[in-house]
Amino acid sequence: MVAVILPGNASCQGCPISMAMRCLDEIENPVLVIPAGCSTVIAGIHPNSAMKCPVVHSPFTAAPSVACGLSEAYKRMGVRANVIAWMGDGAVDISFSALSASAARKDDYITIVVDNEAYMNTGTQASLSTFWKARTTTSPAGKTEERRNIALLMLAHRIEYAATASVGYLRDLKRKFRKAGEMRGFRFIHVHAPCPPGWRFPSEKTVEVARKAVMSGAWILWEYDGEFRLSKEGERYALKENRIPLREYLKQGRFSHLDDKEIEELEKKIDEEWKTILKLF
């Protein structure tokens, strides 16, 4: 395997996206389709590039369509490649109709969503993935709307492979990247990506925050490849008594306004999400 991303790139200190990009080494012959976002900045500006694989920068709405077209073109040319639509949660918001249609057609490429739960590259505006009650520049008192579960929505399309992952558990993340790269059809991986400047925590704590999300039950690690299962790194947290207090995960600037009652409300929402997941077995 060859390193896909070079050191000294333009990512912020503690950036979870560049951590996840390093795991792309697990996928053979990757070709990235990147819509506008933090990943665009990390990849670099022409003629320079931090990436050692082909990269196509696409408009926000078009990443799924471009990825599908590239995959089909490579097949006709006899080129073996793993085309990857590498998107943030904001790009999912904007291109969702194209992404949904592509999943329903079972187009042959991988979609990887690095979810930092807001539009970080344009000033931390709330996305549909933003955690309940989190402060952003468009939800200064805390987000009041529901939080969309992208991975479950993709699973509802009956795609070949769907999984959640976390930069706090890179061995599990690498395994899921590798597995998706060895399969064919529409494959989807949803990566939890805590953002130090956007979530307002010290940049050296990215992995710690990511692990606390899993350990508190706020981020559930699972996988579907014809059979639904919890990932072994997080399965013990299906039992609430095994979880760390949610307050440990909420030690971020975006949650500093929460009182006891609001934290209890978050715990109930997390419990409800676990109930939904556990019904899928």
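In this predicted model, helix α3 meets helix α4 through Pro64, Ser65 and Cys68 on the α3 side and Ser95, Ala98, Leu99, Ser102 and Arg105 on the α4 side. Those contact residues comprise four nonpolar, three polar and one charged. Elsewhere, Asp172, Arg175, Lys176, Lys179, Glu223, Asp225 and Arg229 join in a network of salt bridges.

**Helix packing**
- Two packed helices are described by the angle and the distance between their axes.
- Helix α3 spans residues 63-77, and helix α4 spans residues 89-105.
- Their axes come within 7 Å and cross at roughly 35 degrees.

**Salt bridges within the network**
- The whole structure holds 26 salt bridges.
- Side chains of opposite charge can pair when their charged atoms come close.
- Aspartate 172 pairs with arginine 175, with 3.2 Å between the closest N and O atoms.
- Both sit in helix α6 (residues 170-182), three residues apart, so about one helical turn separates them.
- Aspartate 172 is buried at 1% relative accessible area, whereas arginine 175 is partly exposed at 30%.

**The link from α6 to β7**
- Lysine 179 and glutamate 223 form a salt bridge at 3.5 Å, N to O.
- Lysine 179 belongs to helix α6 and glutamate 223 to strand β7 (residues 222-224), so this pair ties together parts 44 residues apart in sequence.
- Lysine 179 is partly exposed, at 21% relative accessibility; glutamate 223 is buried, at 3%.

**The aspartate 225 pair**
- Arginine 229 bridges to aspartate 225, their closest N and O atoms lying 3.1 Å apart.
- Arginine 229 is partly exposed at 26% relative accessible area.
- Aspartate 225 is partly exposed, with 26% relative accessibility.

Methods
Residues numbered from 1 in each chain as written. Predicted model: local features only at pLDDT ≥ 70, side-chain atom pairs only at ≥ 80, totals over all residues. Heavy atoms only, no water. Axes fitted to C-alpha atoms, helices over the stretch in contact; angles between N-to-C directions. Helix = DSSP H or I, 4+ residues; strand = E, 2+ residues; numbered from the N terminus. Contact = heavy atoms within 4.5 Å. Nonpolar A, V, L, I, M, F, W, Y, C, P; charged D, E, K, R; others polar. Salt bridge = Lys/Arg side-chain N within 4 Å of Asp/Glu carboxyl O. Buried < 20%, exposed > 50% of the residue type's maximum accessible area, 1.4 Å probe, protein only.
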